[in-house]
Amino acid sequence: MRRFRRRLGAGEVLMLGSFAAAAAVTVVLVLPPGSTTAQAGWTTTGSGPLGPADRDLLVKVRQAGLWEIPTSQQAQQRGQSARLKEVAGHIIEDHLKLDVEVRAVAAKLNVALPSSPSADQQTWMAQISAASPATYDSEYTNLLRQAHGKVFAVVALVRAGTRNDEVRKFAAKANAAVLRHMTLLESIGLVNYSELPEPPAPR
């Protein structure tokens, strides 16, 4: 390969690289999801092709409930604000319903779900638990708001592009729940918007 490159001019090398990249993209776009290789992680189900992003969505929604439910239960006991306690109650209720649904969908699609929060989520739980009464409400509100922003982007992208009917229906419900939770958390009045990630630049 090195000998081959030395014989080409700079422009030809650039053109060859561009062509290879374009060819790779074309293969990805043209190849039907059901025809992808096993290495790509696609499987066939009764509700359509199931890909890695579909499984990741189910895992992330399950893990969201695994840390937000106990954390919100704690917030109902330790929170200083009546509004925060009310919001925590709504989050608990919604995640209990979502958890039933995500486990049902995962069982249909043969997707293994975790039984514990992620390492990051466990860190957030510890951070909120360690907060003093003076900072507890702010820690709870801002960490949950940031987490919802991250999962909202994942849900929206999967909802926009999934090839699986079951995942599409579930993603629509999850999307509505996450948006509702972001709005509820913002209604507490403690969200520090300057700490949230900036929206991506227009393309």
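**Stop 1: confidence.** Start by colouring the chain by pLDDT. This is a predicted model, and the protein chain averages a pLDDT of 85, with 81% of the residues scoring at least 70. Now select residues 1-39: here pLDDT stays under 50, and the model has eleven contacts beyond four places in sequence for this stretch. Where pLDDT is low, the predicted coordinates should not be read in detail. Let's move on, then.

**Stop 2: the largest nonpolar core.** Which residues touch the most other members of this core? Select Leu 57, Leu 58, Leu 109 and Phe 170, which hold that place among its 19 residues. Next, show the helices α3 (52-78), α4 (82-109), α6 (136-161) and α7 (165-186), each of which supplies at least two residues of the core. The biggest share comes from α7, which gives six residues. In general, nonpolar side chains tend to be buried together in soluble globular proteins.

Zoom in on Leu 57. Beyond its neighbours within four places in sequence, Leu 57 is in contact with Val 155, Val 158, Val 167 and Ala 171. Then look for a second, separate core of 17 residues, which includes Ile 91, Leu 144, Leu 185 and Ile 188.

**Stop 3: a pair of helices.** Keep α3 and α6 on screen and hide the rest. How do these two helices run relative to each other? Their axes come within 11 Å and cross at roughly 165°; α3 and α6 are therefore roughly antiparallel to each other. The crossing of α3 past α6 is left-handed. To see the contact, select residues of α3 including Leu 57, Trp 67, Glu 68 and Arg 78, along with residues of α6 including Tyr 140, Leu 144, His 148 and Val 155.

**Stop 4: a histidine in α4.** Now select His 95, which sits in helix α4. Is His 95 buried or exposed? Its relative accessibility is 5%, so His 95 counts as buried. Show what surrounds this side chain: apart from neighbours within four places in sequence, His 95 is in contact with Ala 64, Gly 65, Glu 68, Ile 69, His 148 and His 181.

**Stop 5: a loop residue.** Finish at Asn 110, in the loop between α4 and α5 (119-129). With 73% relative accessibility, Asn 110 counts as exposed. Check its backbone too: phi of Asn 110 is near 60°, a positive value in a residue other than glycine. Most residues other than glycine have a negative phi.

Key. Residues are numbered from 1 along each chain as its sequence is written. This is a predicted model: local features need pLDDT of at least 70, side-chain atom pairs count only at pLDDT 80 or more; totals for chains, interfaces and linings use all residues. Side-chain values use heavy atoms; hydrogens and water are left out. A nonpolar core is a set of buried Ala, Val, Leu, Ile, Met, Phe, Trp, Tyr and Cys residues joined through side-chain atoms within 4.5 Å. Buried means under 20% relative accessible area, exposed over 50%, partly exposed in between (1.4 Å probe, protein chains only). Helices (H or I, at least four residues) and strands (E, at least two) are DSSP runs, numbered from the N terminus. Contact means heavy atoms within 4.5 Å. pLDDT is the predictor's confidence in each residue, from 0 to 100. Axes are lines fitted to C-alpha atoms, for helices over the stretch in contact, and angles run from 0 to 180 degrees between N-to-C directions. Angles under 35 degrees count as roughly parallel, over 145 as roughly antiparallel, 65 to 115 as roughly perpendicular and the rest as oblique. A crossing is left-handed if the near helix is turned anticlockwise from the far one by less than a right angle, and right-handed if clockwise.
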